[in-house]
Amino acid sequence: MTIREIEAKSILRKQKKIDSWFVCRYGMNLYRGCTHNCVYCDGRAEKYNVQGEFGEEVTVKTNAIEILERELDHRRKRIPLKKSFYMIGGGVGDSYQPAEEKYHLTRRVLEMMSERNLPVHMLTKSVLISRDLALLKEINQKSRAIVSFSLSSADDEVSAVFEPGVPSPSERLQTISRFKRGGISCGVYLMPVIPFVTDTPELMAQTVEKAVEAGVDFIVFGGMTLKQGRQEDTFLRALKDRYPEHYSKYRNLYVGRKWGEASRGYYQIIENRFNEIMRNSGVAKRLPLSLFGDIVDENDRIVVILEQLDYLLRLEGKKSSFGYAAYGLSRRQDRISESP
Ligand code: SF4
């Protein structure tokens, strides 16, 4: 692992509209690049400008704490920050990748969040998050913490091929149970499912079953994107090596798509499959209102609910205009309950 230390100019990523997948307006990447080195990782796509050999090198924002202190200081704000979860993780680097063992940036951010009574939503693939269990429990009691893990499937052997640098899905699921016993709400982001490998009805059903057994509060589903360049080359090399029988099938699946997305027809099939598998699970397919209703402002709460309804209706093959309504509401400055 090669580490590059830099001084960042900013840390807090602000979104104009609330993100209803994670229910956050603010996120941060304390590291750029990720030595977990998942072969399908979207973060290695050129558009994100992650420097160096992705998977081998990581950039550490050594002044992250100092910058974030300033960015969260309400006395410096003309417009106050909105109420929302702060998303720590995801993007172009896991916050609990090996470099965290040395730099403790994620831990120090959590300490800051605890001092300021801010709610957090963590997304990781690493069981190193267990180190911060006590701190996350403290945040959960004060302002709420949600811990989410991403899984492509519950199959440890498949994971060893595509996610060589992270603990096995079994270990991740055990860690979820541990956090649940600690009273913390947990989710699984079942993504990306890998076409022809982890998207089979049997493996998807098994993964959902194990996540439910671990006690998750929600399972959010998503297919894989494959952007031309580094991401596609790395992924197809691993696929050809371990699953040559599926290699040629990818040619038609990802042809000429601007954002690296697979064909709509394929996504429809796997979304229907997920929907059927989840039907009697008793687990939500998006963050439940009980986890965020008291955290975000009124307009944002309604935006998230509308977008969730839009997703759920479409999953059932129905038309919906709730997505448009959510977009319209997200652009309003006044509180909806105060409008004439
Ligand atoms: S853990 Fe996440 S950010 Fe890191 S390589 Fe894997 S998919 Fe990419």
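Reply: Happy to. Buried means under 20% relative accessible area, exposed over 50% and partly exposed in between, with a 1.4 Å probe and protein chains only. This is a predicted model, where local features need pLDDT of at least 70, side-chain atom pairs count only at pLDDT 80 or more, and totals for chains, interfaces and linings use all residues. Residues are numbered from 1 along each chain as its sequence is written, and side-chain values use heavy atoms, with hydrogens and water left out.

Me: Why does Cys38 count as buried?

Reply: Cys38 has 8% relative accessibility, so it counts as buried. Cys24 does too, because its value is 3%.

Me: What makes a set of residues a nonpolar core?

Reply: The set must be buried Ala, Val, Leu, Ile, Met, Phe, Trp, Tyr and Cys residues, joined through side-chain atoms within 4.5 Å. The largest one here has 85 residues, and Met113, Leu136, Phe162, Ile219 and Phe235 have the most contacts inside it. A second, separate core has 22 residues, including Phe22, Cys24, Ile295 and Val304.

Me: What does Met113 touch?

Reply: Contact means heavy atoms within 4.5 Å. Leaving out residues up to four places away in sequence, Met113 touches Met28, Leu68, Leu72, Tyr86, Leu118, Val120 and Ile139.

Me: What makes something a pocket, and what makes a residue part of its lining?

Reply: On a 1 Å grid over the protein atoms alone, a pocket is an open set of points where a 1.4 Å probe fits, with protein on both sides within 12 Å along at least five of seven lines; lining residues have an atom within 4 Å of a point.

Me: How much space lies in the second largest pocket?

Reply: About 750 Å³. Of its 25 lining residues, Lys16, Arg25, Ile79, Lys82 and Gln333 are the closest to its centre.

Terms used
Grid points are joined across faces, edges and corners, and a volume is the space filled by probe spheres set on the points.
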